[in-house]
Amino acid sequence: MSEGDTVFRTARALHRAFAGRRLTAADLRVPQLATAKLAGWTVTESISRGKHLLLRMAPPDGGRTMTLHSHLGMDGSWRVYAIGERWRAQSRHLIRVVVRNADAVAVGYQLHQVSLLPTEDEHSLVGDLGPDPLDPGWDPDEAVRRLAGRPATAIGEALRDQRNLAGIGNVYCCELLFLRGLWPWTPAGQVPDLPALVALARRLLDVNRSRPVRSTTGSLRRGETTYVYGRAGAPCRRCCSLISTGDQAGRVSYWCPSCQPALPGAGT
Ligand SMILES: [Zn+2]
């Protein structure tokens, strides 16, 4: 599942292969962009904002910079190949974007919300995002302010809301709550130490941004990379209680009923 760390890594891989290079071809397989002509444009930068990927490029005539925006959603991905390298065996109908330069080709699979817009208008897509823990301008105080801004919202829901923190998906959400001993339905206003929760979010994304296997436990072994996420019915790694699972605002939440006790008198 793509979270901020995956998108950050993807943006960096695209940047390494494309920044400062001229596109020799671009094939946008989304109906509204099918006629866009980007061959000859120079990629200036590839960055991530939360789960959004922004590929900025300048036209050959020195006109205004445009941004090819994509969202990886649950299942989208970008792969960079050397020219001539075999593309991964995946149905071609999942390909949304192909861009090439003289040495590399980037293929975007199952991308969501692919759009092309003037770079100066990026805020219309990402302007509502909360602080991004992987952004150089990361502002933890602002993240705390936003989480605290709706005190009645369940903390699990608040953490997944991209307007509070950008780049936190369901995996990090469940794992953060476990590590802080918080029941997912605890109202944000009743979380004892929001700054510590926000600091931990940044730490977890940061340790994972450069490695291909995401782990919140420290172990990179298969089946040992999470405490609670994806482990319904398995014993808690700390206390051996069985991990619970349940729907929270349309997303599947996982938690340990002993390490993350429900607030007295509250039901899910
Ligand atoms: Zn436990």
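1. A residue counts as buried when its relative accessible area is under 20%, as exposed when that area is over 50%, and as partly exposed in between. The model discussed in this note is a predicted one. In it, C236 has a relative accessible area of 2% and is therefore buried. C239, with a relative accessible area of 32%, is partly exposed.

2. Both of these cysteines belong to the zinc site. The zinc ion is coordinated through the SG atoms of C236, C239, C256 and C259, at 2.2 to 2.4 Å. Along the chain, these donors follow the spacing C-x2-C-x16-C-x2-C.

3. Why is the arrangement around the zinc ion called tetrahedral? The four donor atoms subtend angles of 100 to 113 degrees, and four donors count as tetrahedral if all angles lie between 85 and 135 degrees.

4. The next feature is a sheet. Four strands form an open sheet in the order β2-β3-β4-β8, and their pairing is antiparallel.

5. The pairing of β4 with β8 may be followed in detail. Strand β4, residues 66–71, runs antiparallel to β8 and is joined to β8 by five bridges. H71 stands opposite H112 of β8.

6. A helix accompanies the sheet strands β2 and β3. Helix α1, residues 4–18, lies across β2 and β3 (52–58). The helix runs at about 170 degrees to β2.

How values were computed
Residues numbered from 1 in each chain as written. Predicted model: local features only at pLDDT ≥ 70, side-chain atom pairs only at ≥ 80, totals over all residues. Heavy atoms only, no water. Donors = N, O, S within 2.8 Å, 3.2 Å for Na, K, Ca; no water. Tetrahedral: all angles 85-135°; square planar, octahedral: opposite > 155°, others 65-115°. Buried < 20%, exposed > 50% of the residue type's maximum accessible area, 1.4 Å probe, protein only. Pairing = 2+ DSSP bridges. Helix = DSSP H or I, 4+ residues; strand = E, 2+ residues; numbered from the N terminus. Contact = heavy atoms within 4.5 Å. Axes fitted to C-alpha atoms, helices over the stretch in contact; angles between N-to-C directions.
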